[in-house]
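Open the model in your viewer and keep the selection panel at hand. The tour goes from one selection to the next.

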Amino acid sequence: MSTRRAILATLAAACFLLAAAAPVSAVTFTIPTGKTDRCLECHAEPDLGTVDVNGVEKSLTIDVDEWHGSIHARMDCTACHAGFEARDHTAEETEGWYEQAKLTACSDCHASEFKMYDQSFHGDLVMGEGSEEAPACGDCHGSHGIVDPASTEFRESIPDVCGHCHGEKEETYLDTYHGKSVLLGESSRAVCIDCHGYHKILPKSDPESTVSSQNVVATCGKCHENANTRFSSFLVHVDRSTPSSSLWVWLMEINHAVLIGVLFTLGGLHCLMYFYRGLKEGLYRRG
Amino acid sequence: MASIDSGIRDKGAARDKGAARAPAPAAPKAVHAIVGARTHFRRFTAFQRWVHFFIMVSFSALVLTGMPLKYSDKAWAQTWMGFIGGVDNAGMIHRFSALIMVACVIAMLGFFLKILVQTRGRFWGPGSMVPNRQDYRDLKAMVSWFIGRSPRPKLQLDRYAYYEKGEFWAASGGVTIMCVTGAILWYPEVAARYLPGIVINFALVNHSGGALLAMGFVVVFWHFFHAHLRPESFPMDKAMYAGGLPLEEYAHERPAEYERLVTQGKLDEVLVAPVSERHMKIQNVVWWIITGAALFLWAVFCIFVVWVTYNWIISF
């Protein structure tokens, strides 16, 4: 009786463990390797290029060092470049591949991230409206030199990554304590994604957005324990040099510019003239 | 007329005086530094010199830890910030120095309270920090000399000259703004409990602009010049560390105050013995180091501030 119970318990435990492990094993996949070297036989050539269907010149060279440093370095090229064979690639093989692959190449393995992206503003622009400017995976993460998103290196690059399109926002961000600290090497401070989220980035007007009026206090509260609505009404992206951003902030900036200009000029002249007269009349010579 | 001077007789000076008059033979060590005739005029009390010292040290630390944050996109700021141990370290030093500065402000407020009580509310008048018509006339005479319209004026200065009064009030206003905005930036969540969020923006702009203004004014365009590079004080005005200076020298530099004290019969109250030669030598070494650093920084910051101001103004 007790032996049978023990066996049952063991079986139950095994089932439970298997069930628990199931989601993990579902995303485990075998990485096909071995073909990369064959691709690099041509693609490591420094001047390999082609002219695409739009008549735009395109480099086909892979930076081998960058590739070896990437988080996907152990994967085979065809894991992403599905359908490519090790020979001269035919037009049927390559045509429209990029537009298709820039989305599906990643989603096979990164399904949950892709689902978040699918629901995001960027995702909607790319997949819903067919925008060619809005970013897909590779525009933020890169392609052959993808670094670990959890790494400091990637974190430090985020303002520039977002700033590639949102340049003005990057500038105003770098004018805040968050941005300044990151520039000075303290990358644990808030970067773009800490407030705006990642993959599922939504505009402020969307109630689901991390910076919507419903959520922004909680977003600030991730770091600022006692944040309230007034605290979160702090203007993060304010351009001090223009009145259209915030009239009052601009006026204060102008006020300082005038004060500094006038006082430094008058003070400087007073000192300079004093110094000049002193020299001229020999007042610095001590008897 | 009541004057400030009645308010600055501190206990230290009273001790100096007593000891100089009747040196106690039982305690030769205590007498050592103050032995001798009271030939010197006490320009600054020990209290004032210590406050100046702490403001000087904390101000320097505040500038050195704050400026790299203001210019965080510049290579020199990033290098310097790395050298002083990163943003967090700099922030700690900055806040600690700010507390020292606040302590100095509180000490000075206490000092003014003392003056208010001792002068029964009449804190203005000759010898005070309150600007008057004579200051305006002095300034006019100096400018007239600068532009070559008249020979060098022999200013009948009282305790504080116009350039000292101007700096005092500019610094008082500046330190108030820096303390208030600094406190908001230190505890933004607390500030937002009572004030709208844009006040944090205001604090940022004013703390940053005020810092440049203060640094430029202290280091380049005013204070360093008057304390170190003015013909009368070159290479340094020793009164701020020695406390006293020879009476005849002082009577020459601040004739109005000297006359006033003589007519009021109060001169005796502000006479002190000079510090001993050994004491003076030690002070000299320390203060030459500080002066050397000051003059070096002056040269560096002159270039820096001119460059920054130029860049800022052309950005509009």
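Next, colour chain A by pLDDT. The average for chain A is 84, and 86% of the residues score at least 70. Now select residues 17–32 of chain A, where the pLDDT is below 50. This stretch makes 8 contacts in the model beyond near neighbours in sequence. Where pLDDT is low, the predicted coordinates should not be read in detail.

Move to chain B and select helix α9, residues 198–221. α9(B) has 24 residues and spans 32 Å from its first C-alpha to its last, close to the 34 Å expected. Is α9(B) mostly covered or mostly open? It is mostly covered, with 21 of the 24 residues of α9(B) buried.

Stay there and show the side chains of A214(B), M215(B), V218(B) and F224(B). These have the most contacts inside the largest nonpolar core, which has 30 residues. Which elements supply at least two residues each to this core? They are α16 (247–280) of chain A and, from chain B, α3 (46–70), α5 (86–118), α7 (162–186), α9, α10 (223–229) and α14 (277–314). α9(B) contributes the most, with 10 residues.

Finally, select F234(A), V249(A), A191(B) and I200(B). These are among the 12 residues of another core, which lies apart from the 30-residue core.

How values were computed: Residues are numbered from 1 along each chain as its sequence is written. Chains are lettered from A and ligands numbered from 1 in the order in which they are written. This is a predicted model: local features need pLDDT of at least 70, side-chain atom pairs count only at pLDDT 80 or more; totals for chains, interfaces and linings use all residues. Helices (H or I, at least four residues) and strands (E, at least two) are DSSP runs, numbered from the N terminus. The expected span of a helix is 1.5 Å times one less than its number of residues. A residue is buried if 20 or more other C-beta atoms lie within 10 Å of its own, exposed if 12 or fewer, and partly exposed in between; C-beta atoms are placed from the backbone. A nonpolar core is a set of buried Ala, Val, Leu, Ile, Met, Phe, Trp, Tyr and Cys residues joined through C-beta atoms within 7 Å. pLDDT is the predictor's confidence in each residue, from 0 to 100. Two residues are in contact if their C-beta atoms, placed from the backbone, lie within 7 Å.
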